[in-house]
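Please look through the sequence and the model below before reading on.

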Amino acid sequence: MFNPRPIATALVRSAGLGQTVTHMTLWGHSTNQVWLVEVDRGAAEAALALHDRAGDEYDRCAKERFLHNLVRRPGIPAPRVLATDDQGLFSVRLLERLPGVRADDALRDGPPEERAQIWRVVGATMRRIHQVRLPGWVAGEIVGDRVVPFVGTSADSNVNTLTWGHYILDDLPQELASLAQELGLPAVDTHRVTPMVDVARRHLDALVPVLMHNDPRLANILVDRRDGRWQCTGWLDWEFARVGEPSFDLARLDLARSPSEPAVPAAFWAGYGDPPDPLNLAVSRLAVALWFGRAGGCSDEPDRYAPARTYLKELH
């Protein structure tokens, strides 16, 4: 069985936090493992994130250093990256331990006015994320400290750089046809759908590409009650962040969740401010539902995408 303590100890010493790791607790695991690390009998705490380097197509150590520094400037509460190691079998990051509790846990209890307050601060923080952009950014994956444009094929060219609209919508007509077949519905005429997809694509591509977190789960958000008010104290897990159109993040927050998590209420939008273009949001909801609902979710979280599957079933 893999023992992360030696790696944690080396990074703790490299970061100057102490000499001895006295306790480690597995905090979460999905695409990576996250361990809470106690140093020198509670003198300091940190979080250790590990990912198998065989699948590290994002250059995670460099990516998280770059992104965490970038988003902290406008006040987005990402943890400081204290030390990294990507020379062995794992891509490993030692992160600052931020205060607070997971937003999904905080939203389970408490009076309605406090839950509304939590949603407002989550919305306000996501708005700040979607205001982050750098000159020259195009839609694409963030690899290390650079943006790599999406590349693929489209009907009017061979291999080319794809806009965000092309990236998420080029397969939509065929996806809808496959969904209709799965549900036993009348066949979808993809030739009639394509012109509508072209209109939606132009709407998506009208905006300047911005930073997307791309995994805005309530479990990745920390909140804390201070002086009688809830604050967002942590926005975690930036490994899948990319550059694109923000309505995809918003649709994902609502549809890529477990049934036990609440749907996004009006209080979120009060914090977020002006909502996105209604067509962009509707198309993004459909794309998210097709992307995650048909895939059935992660094997270790079988119910996580149930709302997306429900959305697809209700389309007809």
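## Helix H6 and what covers it

The buried residues of helix H6 (residues 172-183) are covered by parts that include H5, helix H7 (190-205), helix H10 (278-293) and helix H11 (306-313), where contact means heavy atoms within 4.5 Å. Helices here are DSSP runs of H or I with at least four residues, strands are runs of E with at least two, and both are numbered from the N terminus. The buried residues of H6 are Leu 172, Pro 173, Leu 176, Ala 177, Ser 178, Leu 179 and Ala 180; buried means under 20% relative accessible area, exposed means over 50%, and partly exposed lies in between, with a 1.4 Å probe and protein chains only.

The 12 residues of H6 should span 16 Å at 1.5 Å a residue, and the end C-alpha atoms are 16 Å apart, which agrees; the expected span is 1.5 Å times one less than the number of residues. Just after H6, Gly 184 takes a positive phi of about 70°.

## How the model is read

This is a predicted model, in which local features need pLDDT of at least 70 and side-chain atom pairs count only at pLDDT 80 or more, while totals for chains, interfaces and linings use all residues. Residues are numbered from 1 along each chain as its sequence is written, and side-chain values use heavy atoms, with hydrogens and water left out.

Helix H4 (residues 112-130) has 19 residues and reaches 27 Å from its first C-alpha to its last, close to the 27 Å expected at 1.5 Å a residue. Its buried residues are Gln 117, Ile 118, Trp 119, Val 121, Val 122, Gly 123, Thr 125, Met 126, Ile 129 and His 130. The buried residues of H4 pack against several elements, among them helix H3 (103-106), strand E11 (221-226), strand E12 (229-235) and helix H9 (266-272).

Gln 231 lies in strand E12 and is partly exposed, with a relative accessible area of 34%. Leaving aside neighbours within four places in sequence, Gln 231 is in contact with Val 121, Leu 222, Val 223, Asp 224 and Arg 226.

## Aromatic rings

How many aromatic pairs does the model contain? Rings of Phe, Tyr and Trp (its six-membered ring) pair if their centres lie within 6.5 Å, and planes under 30 degrees apart count as stacked, over 60 as edge-to-face and the rest as tilted; by this rule the count comes to 12 aromatic pairs. One of them is the stacked pair of Phe 150 and Tyr 167, with 3.7 Å centre to centre and 10° between the planes. Phe 150 lies in strand E8 (residues 146-154) and Tyr 167 in helix H5 (residues 164-169), so the pair ties together parts that are 17 residues apart in sequence. Phe 150 is buried, with a relative accessible area of 4%, whereas Tyr 167 is partly exposed at 26%.

Phe 268 and Trp 269 form an edge-to-face pair, 5.2 Å centre to centre with 85° between the planes. Of these two, Phe 268 is buried, with a relative accessible area of 1%, and Trp 269 counts as partly exposed at 25%. Ring pairs also link Phe 150, Trp 164, Tyr 167, Phe 248, Trp 291 and Phe 292 into a cluster.

## Asp 254 in helix H8

Asp 254 lies in helix H8 and, at 14% relative accessibility, counts as buried. Its side chain reaches the backbone nitrogen of Val 264 at 3.2 Å. Not counting residues up to four places away in sequence, Asp 254 touches Ala 263, Val 264, Arg 285 and Pro 307.

## Loop residues with positive phi

Asp 59 has a positive phi of about 55° although it is not a glycine, and it lies in the loop between strand E3 (44-52) and helix H2 (60-72). Asn 214, in the loop between E10 and E11, likewise has a positive phi, near 75°, in a residue other than glycine. Is each of these residues buried, or partly exposed? Asp 59 is partly exposed, with a relative accessible area of 30%, whereas Asn 214 is buried at 5%.

Terms used
A polar contact is a pair of N or O atoms within 3.5 Å; within protein, one must be able to donate a hydrogen and the other to accept it, and residues adjacent in sequence count only if both atoms are side-chain atoms.
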